Amino acid sequence: MVHSPSFFETPAPAHLTGIKAWLLTLDHKRLGLMYLWAVLFWFVVALTVGFLVRVELMSMGPTIMSARVYNSAFTLHGVIMIFLFIIPAIPAIFGNFFLPIQLGTDDVFFPRLNLLSWYLYMLGGILAIGSLFTGGGFPDTGWTFYVPFSIGTKHNVPMTVFAAFILGMSSMLTGLNFITTVHRKRAPNMGWMQIPLFTWSLYATAWVQLLATPVISITLLLVIIERVFQIGLFDPARGGDPILYQHLFWMYSHPAVYVMILPGMGVISEVIPTFSRKAIFGYKAIVASSMGIAIAGSLVWAHHMYTSGMSDTAVFVFSLLTFLVAIPTAVKVFSWVATLYRAAIEMTPPLLLALIFIYLFCVGGLTGLVLGAAGPDIHVHDTHFVVAHFHFTMFGGTGFAFFAALHYWWPKMFGIMYNFRRAYIAAILATVGFLFHYVPMLILGLQGMPRRYYDYLPQYAQGNALAAVGGVLLFAGVLLMLVNLLLSFRSRRAAPANPWGGCTLEWTVPSPPPLHNFEGEPRVLDYPYDFSEVLRNKC
């Protein structure tokens with residue numbers, strides 16, 4: 001067999017070498033790796049800032065920072081986590097790396113546009129950090145940039161807002177690329193019902209990215225224009241309407257929740273059948289639910305605004321739609337659990353993280369129903385209950401799905417295995433820390449503790465102290481998880497082409513994949529989760 005060089009060995013374009021070969025590459029796998037290291041860097045920065053915020057709240061009064069620095073810290077934590085980690089992490093890293101391979105093709109449809117997306121992502125990150133050291137001081141509005149505060153504060157909001165605008169452009173270009181690739185570059189013999197569920201989730205996500213992101217992009221530009229020219233669009237002192245900003249912001253930002261979680265659900269839909277050694281239950285139902293979530297999730301934005309003075313009719317409609325969007329989500333959870341039922345389960349770190357995802361995400365979803373109902377939402381709006389709910393869905397959901405994806409595809413991306421024992425310890429430590437961190441926040445919110453406050457009343461001291469202990473465990477567990485993966489480069493224990501016994505196309509190529517992915521015409525299965533041949537080969 002003729003050796004096809006790995007993408008590590010042959011740069012693209014071919015005449016370039018060294019760092020230029022990476023910075024100007026058109027290879028989707030190299031771009032996926034470039035996203036990986038950039039995303040991990042921003043994640044560690046945001047995780048550290050969030051940990052410092054939790055340390056500040058460990059006890060009453062000033063602890064390690066002033067009130068002004070506290071406001072800037074939770075703003076920075078939110079902006080980096082949302083725009084530089086949770087939204088791009090799974091699509092930009094694993095989507096870029098594996099979507100073309102799962103489709104049986106050699107690259108995305110627009111490789112140069114893919115490279116541009118990476119540079120826009122990096123430019124957005126640099127601008128976000130640059131806003132800390134330029135202008136009138138650290139941005140202090142929170143990641144939502146609510147008016148009229150964001151147009152009145154003297155701090156450096158415009159640069160941070162412009163950074164989010166640039167990151168939105170990167171997100172839109174990635175979504176456009178994925179949609180076009182799915183439609184135009186699938187293997188000739190791959191029909192729609194032969195596409196793996198991870199790719200389906202990216203496809204549904206890409207439509208939301210493409211259609212919803214322009215709304216927030218225009219809104220953020222309007223905030224900058226409002227600050228510079230005082231046109232009075234959002235400023236009530238000039239006849240503007242701050243509620244209009246909330247509608248425009250959440251018309252993107254709630255669909256963005258599904259941009260964050262849908263790719264994570266796609267990861268779980270790959271991990272569960274692989275380690276259950278059986279076809280996933282309800283393949284077509286999961287496909288339909290992915291598209292249903294993308295559509296219905298775009299219609300529920302105003303449930304963030306029950307306290308803003310909405311009419312009873314609007315409250316009823318948005319509350320009803322919020323409950324309806326839970327149905328396709330429940331379809332996925334039911335399908336995952338049904339796949340595990342009476343399966344030949346092989347426990348591995350990716351599967352453990354997937355099971356943790358299901359539990360944490362279900363808690364987040366159920367607490368979301370509390371917020372989706374207008375009655376209880378009035379009482380817990382803008383309390384720590386909302387903070388806990390959001391982190392259960394986004395970090396307990398997308399975050400742990402990201403960890404599962406890292407452990408699932410790490411051997412394929414780098415051709416090396418990691419230490420299972422340390423991976424199990426890290427996963428358990430992070431989960432215990434997560435629960436001790438955020439469950440007290442649910443209780444604090446029900447007791448009435450507001451979010452984003454620098455200090456609190458004595459009755460909230462015990463809950464915050466317990467949450468701080470959980471924060472330490474969570475921080476340690478996540479760092480151990482990342483260090484364990486990095487240590488695999490030192491041990492360099494070689495990974496086979498198919499270490500897990502998966503049956504989608506990425507497991508049919510060497511680890512790491514060749515430059516052009518396939519050394520011959522890929523063999524597309526009639527059903528993407530047909531494990532019969534894998535099990536026969538194992539026997």
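Biologist: What do the buried residues of α10 pack against?

Modeller: They pack against α8 (197–229), α9 (242–276) and α11 (312–340). This is a predicted model, where local features need pLDDT of at least 70 and side-chain atom pairs count only at pLDDT 80 or more, while totals for chains, interfaces and linings use all residues. Residues are numbered from 1 along each chain as its sequence is written, and side-chain values use heavy atoms, with hydrogens and water left out.

Biologist: Which residues of α10 are buried?

Modeller: Y283, I286, V287, S289, S290, I293 and A294. Buried means under 20% relative accessible area, exposed over 50%, partly exposed in between (1.4 Å probe, protein chains only).

Biologist: Why are they said to lie on the same side of α10?

Modeller: They cover an arc of only 165° around the axis, which puts them on the same side of α10. The arc is taken from the directions from the helix axis to the C-beta atoms. On the other side, K284 and I295 are exposed.

Biologist: How does the reach of α5 compare with what is expected?

Modeller: α5 (residues 111–130) has 20 residues and reaches 29 Å between its first and last C-alpha, close to the expected 28 Å. Its buried residues include W118, Y121 and L127. The buried residues of α5 pack against α1 (18–23), α2 (28–56), α3 (67–86), α4 (89–102) and α7 (157–184).

Biologist: Why is L369 called partly exposed?

Modeller: Its relative accessibility is 27%, so L369 counts as partly exposed. L369 lies in helix α12 (residues 349–372).

Biologist: What is L369 in contact with, leaving aside its neighbours within four places in sequence?

Modeller: F323 and A326. Contact means heavy atoms within 4.5 Å. L369 and F323 are 46 residues apart along the chain, yet their C-alpha atoms are separated by 6.8 Å.

Biologist: How many cavities of 30 Å³ or more does the structure hold?

Modeller: Three. A cavity is a set of points on a 1 Å grid over the protein atoms alone, where a 1.4 Å probe fits but cannot get out, and lining residues have an atom within 4 Å of a point.

Biologist: What lines the largest cavity?

Modeller: There are 14 residues, of which F83, I87, P88, L167 and S171 lie nearest its centre. α4 and α7 each supply at least two. The largest share, five residues, comes from α7.

Biologist: How do the residues of that lining divide?

Modeller: Nine are nonpolar, five polar and none charged. Ala, Val, Leu, Ile, Met, Phe, Trp, Tyr, Cys and Pro count as nonpolar, Asp, Glu, Lys and Arg as charged, and the others, Gly among them, as polar.

Biologist: And how does the lining of the second largest cavity divide?

Modeller: Into seven nonpolar, three polar and one charged. Its lining includes Q102, M190, C503, R523 and P528.

Biologist: Why is S171 called buried?

Modeller: Its relative accessible area is 10%, so S171 is buried. S171 is found in helix α7. Not counting residues up to four places away in sequence, S171 touches I87, Q209 and T213.

Notes. Helices (H or I, at least four residues) and strands (E, at least two) are DSSP runs, numbered from the N terminus. The expected span of a helix is 1.5 Å times one less than its number of residues. On a 1 Å grid over the protein atoms alone, a cavity is a set of points where a 1.4 Å probe fits but cannot get out, and a pocket is an open set with protein on both sides within 12 Å along at least five of seven lines; lining residues have an atom within 4 Å of a point. Grid points are joined across faces, edges and corners, and a volume is the space filled by probe spheres set on the points.
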